[in-house]
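Trainee: May we examine this structure together and ask what lies behind each term?

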Amino acid sequence: MRAVHRLTLPRALHPGAWWLWALGMAVAASRTRNPVLLALILAVTGFVVAARRTDAPWAHSFTAFLKLGLMVIGIRIVLQALLSTRSQGNFVLFTLPQIPLPDWAAGVKLGGQVTAEAVVTALYDGGQLAVMLCCIGAANALASPRRLLKSLPGALYEMGVACVVALTFAPQLVTDARRIRAARRLRGRTRGSFRTTAMPVLEGALDRSVELAAAMDSRGYGRTAQVPRRQRRITGLCVLLGLLGILLGVYALLTDSLAFPFALTALAIGLLLAVGALGIGRRRVTRTRYRPDPWALPEWLVTAAGAAAAAVMVVAAVRGVHGLLLAGPLVVPPIPVLPVVGVLIGLAPALAAPPIRQGAAA
């Protein structure tokens, strides 16, 4: 009873559950270019972030990913306007000065007529990538990177450190930039150039790198147990083959709906090889865990919500449900019922996740 009571108290959800939910929403976004569905996925992820984020420094990184998504859309539209041809549509919006290209670049143009069909197509393609980035940003805003590193299997500890450092780079940049702007306002400086902001941010990044290296060295990072060379080689080969199978399965699921049985087979074999190799390889890393994060019913519900959203979108794409892909760029986007229901399942973490315990940044 005491353990059950502890799981129902305000606590932080397991970071792995947040990442699995966010990856499921990203897979759902990758299966459609319908702007209505993409906007719905963005609204679902934003609502869950607003309902379940803490007051930790990385919890404000979702806004930065939104801005990055807008930049991606803008760059995609500009490139499409510069490189598109008249064959992409007949409704000309405006004409840019065209730069003549050499003969070896035949079939490629730079400038010229820009059609409405090309701009809308670029908007839809850029919107898809932007929503997928925002799903990753939701995981960054909800999951603690330190607790994520602590939860990784022992065989992935070295690679996990590199991934966690890379994932925390963007949130830390946002935090440092906000701190520097606040300090400048306190000094009465309302305007500042990129140079005056970039140098303190770079200095803070270097200081954190030195502190991280010192902390890792003081905790004995890199110490490994003695394992036979043959076992290490077999483990490494199984991990490599497992990751290859997972990549082939995921690629087939996301690109070729006709290879659905092959994708599931490759994904299942890859997962079995990878999990088995990780279970054997964890003997090489000697480290302990203090108060490991529990994986209870809320974690299963959050993970299932992301998996259900992804599964519904993948099944809808395999069955060719009308509305996932538009018949044309200037067509009014339809609202397919089944994908909408699948995306709305992604709202479950706003209710299934445990209550927030403010002030616990780690």
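**Terms and their grounds**

Mentor: For "transmembrane region", the unreviewed UniProt entry lists residues 12-29, 35-52, 64-83, 155-175, 234-254, 260-280, 300-318 and 330-352; such annotations may be inferred rather than shown by experiment. This is a predicted model, in which local features need pLDDT of at least 70 and side-chain atom pairs count only at pLDDT 80 or more, while totals for chains, interfaces and linings use all residues. Residues are numbered from 1 along each chain as its sequence is written, and side-chain values use heavy atoms, leaving out hydrogens and water.

Trainee: What makes up residues 64-83, helix or strand?

Mentor: That span is 100% helix and 0% strand, with its end C-alpha atoms 29 Å apart. Helices are DSSP runs (H or I) of at least four residues, and strands (E) of at least two, numbered from the N terminus.

Trainee: Why is Leu68 called partly exposed?

Mentor: Its relative accessible area is 34%. Buried means under 20% and exposed over 50%, with partly exposed in between (1.4 Å probe, protein chains only); therefore Leu68 is partly exposed. Leu68 lies in helix α4 (residues 61-83).

Trainee: Which residues touch the most other members of the largest nonpolar core?

Mentor: Of its 36 residues, these are Trp18, Trp21, Met25 and Ile41. α2 (15-30) is one of the elements giving two or more residues to this core, and α2 gives the most, with nine residues. A nonpolar core is a set of buried Ala, Val, Leu, Ile, Met, Phe, Trp, Tyr and Cys residues joined through side-chain atoms within 4.5 Å.
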